[in-house]
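Please keep the structure in view while reading.

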Amino acid sequence: MTMRLLQALWIAAVFAIASAATASAQQKAETVSKGWGGTVSQAQGTVGATMSDEDITAIETVSKYFNDLDTLTARFIQTDPESKRSRGKVFVAKPGRFRFEYNRPSRKVVISDGRFLAIQDRDLETDETYELTSTPFRMLLRKRVNLLRDAQILEVARAADQISLVLRDKDPDVPSAIKVVVTTTPKVALRGWITRDAQGLETKVELFNVSHGQKLAAKLFEREKLFMKRLQ
């Protein structure tokens, strides 16, 4: 369950994907217009050779958004493969730091300090830690983001007010992928993402009340010392 949670977050942390992404421009637009109906799917490598100028512009738009991103706060709704919905608040601060705080009754929190990602359960007093570099967050939340340079672009889908990209890190040690969705009006903003785990189970995370540029306390990205609590 904790690994599924890890894969759920842009985090969702994340994914092995399935089917070719070489649809026509019309099919791509239709996929986007269906909103969250689209799924993450695997391609045999990058579709860079078939990308149009419009596709490249869309990729650069998303890349610029993450490159310019300083801090972000938002509410989120997470829908797991069993259609169970969880809510909470997310805090992001580049490079590489984020915190997913789940609403009660859950006391789970997912924290990255920029180097390690930890899944902590304050009820069970458990703490599972992973290298941030083993997740797609590395390419999306690094100090300088250039998706055309650092990512395999598996799919580009465009609509009048939305762009979605299916991305995979070029590092062979990060074989997973993520579908990222951003709105483009009235301004570019992260809408959410869809992930699929090795069993083909999909998790959707949708953001709302998104805010940028707030000053965030460093303490938000510090893990609790749950082991020490157990000793007290």
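Of the contacts in the chain between residues at least 6 apart in sequence, 56% join residues at least 24 apart. The model is predicted. The chain holds six helices and 11 strands.

**Burial and surface**
- The chain has 232 residues, and 48% of them are buried.
- Its accessible surface comes to about 11400 Å².
- Carbon and sulfur atoms account for 49% of that surface.

**Nonpolar core**
- In soluble globular proteins, nonpolar side chains tend to be buried together.
- In this chain, 39 residues form the largest nonpolar core.
- Phe66, Phe98, Leu147 and Leu167 have the most contacts inside this core.
- Helix α3, residues 53-68, supplies the largest share of the core, with five residues.

**Ala93**
- Ala93 lies in strand β2, which covers residues 85-93.
- Ala93 counts as buried because its relative accessibility is 2%, and buried means under 20%.
- Apart from neighbours within four places in sequence, Ala93 is in contact with Asp70, Thr71, Leu216 and Phe221.
- One of these partners, Leu216, is 123 residues from Ala93 in sequence.
- In space, the C-alpha atoms of Ala93 and Leu216 are 7.5 Å apart.

Terms used. Residues are numbered from 1 along each chain as its sequence is written. This is a predicted model: local features need pLDDT of at least 70, side-chain atom pairs count only at pLDDT 80 or more; totals for chains, interfaces and linings use all residues. Side-chain values use heavy atoms; hydrogens and water are left out. Helices (H or I, at least four residues) and strands (E, at least two) are DSSP runs, numbered from the N terminus. Buried means under 20% relative accessible area, exposed over 50%, partly exposed in between (1.4 Å probe, protein chains only). Contact means heavy atoms within 4.5 Å. Accessible areas come from the Shrake-Rupley method with a 1.4 Å probe; for residues, only the protein chains shown count as cover. A nonpolar core is a set of buried Ala, Val, Leu, Ile, Met, Phe, Trp, Tyr and Cys residues joined through side-chain atoms within 4.5 Å.
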